[in-house]
Amino acid sequence: MVHHIVIWRLKKDISTEERAKCLNGLLMEIEKLKTISGVIDFDVTTKIHSRSTLEADVLLRSSHATQADLDMYYDHPTHTSFVERIAPYIDSRDRLDYEV
């Protein structure tokens with residue numbers, strides 16, 4: 001099993017209203033990713049615990065049976081267009097893939 005974790009931080013220079021709108025849009029777009037073939041399990045949250053040592057606005061975790069399935073996910077048009085569409089709103093992101 002291969003797990004894929006992505007943590008996004010939104011741009012800081014947007015208003016509270018724009019930030020909320022951006023988060024809602026991002027969450028709606030993320031929902032489309034769980035329909036990609038090879039995704040076994042999928043979680044997304046904006047409820048990051050206050051004791052976390054890593055700053056984050058959104059966290060996504062997906063699970064895939066094999067590395068090949070994760071590679072297909074990366075290259076899937078739904079995923080690549082998602083990455084392009086959200087780029088203007090993202091300050092930074094971290095990605096961690098691991099196998100168990």
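This is a predicted model: local features need pLDDT of at least 70, side-chain atom pairs count only at pLDDT 80 or more; totals for chains, interfaces and linings use all residues.

A: Residues are numbered from 1 along each chain as its sequence is written, and side-chain values use heavy atoms, with hydrogens and water left out.

Let's take the helices now. Two packed helices are described by the angle between their axes and the distance between the axes. Helix 1 (residues 16–33) packs against helix 3 (residues 77–86) at about 165°, and their axes are 9 Å apart. Helices (H or I, at least four residues) and strands (E, at least two) are DSSP runs numbered from the N terminus. Axes are lines fitted to C-alpha atoms, for helices over the stretch in contact, and angles run from 0 to 180 degrees between N-to-C directions. Helix 1 and helix 3 are therefore roughly antiparallel, on a scale where under 35 degrees is roughly parallel, over 145 roughly antiparallel, 65 to 115 roughly perpendicular and the rest oblique. Their crossing is left-handed, meaning that the near helix is turned anticlockwise from the far one by less than a right angle (clockwise would be right-handed).

Who does the touching? On the helix 1 side you have Leu26, Glu29, Ile30, Lys32 and Leu33, and they meet Thr78, His79, Phe82, Arg85 and Ile86 of helix 3. Contact here means heavy atoms within 4.5 Å. By class, the residues of that contact are five nonpolar, two polar and three charged. For the classes, Ala, Val, Leu, Ile, Met, Phe, Trp, Tyr, Cys and Pro count as nonpolar, Asp, Glu, Lys and Arg as charged, and the others, Gly among them, as polar.

Helix 3 has another partner in helix 2 (residues 67–75): their axes come within 5 Å and cross at roughly 50°, so the pair counts as oblique. Tyr73, Tyr74 and Asp75 of helix 2 meet Pro77, His79 and Thr80 of helix 3. That contact has three nonpolar, two polar and one charged residues.

Ser62 sits in strand 3 (residues 58–64) and counts as buried at 0% relative accessibility. Buried means under 20% relative accessible area, exposed over 50%, and partly exposed in between (1.4 Å probe, protein chains only). The Ser62 side chain makes a polar contact of 2.8 Å with the side chain of His64. A polar contact is a pair of N or O atoms within 3.5 Å; within protein, one must be able to donate a hydrogen and the other to accept it, and residues adjacent in sequence count only if both atoms are side-chain atoms.

Arg9, in strand 1 (residues 2–10), is buried as well, at 10% relative accessibility. Its side chain has a polar contact of 2.5 Å with the side chain of Asp94, and a polar atom of the Arg9 side chain lies 2.8 Å from the backbone oxygen of Glu55.

Back in helix 1, Glu18 is partly exposed at 46% relative accessibility.
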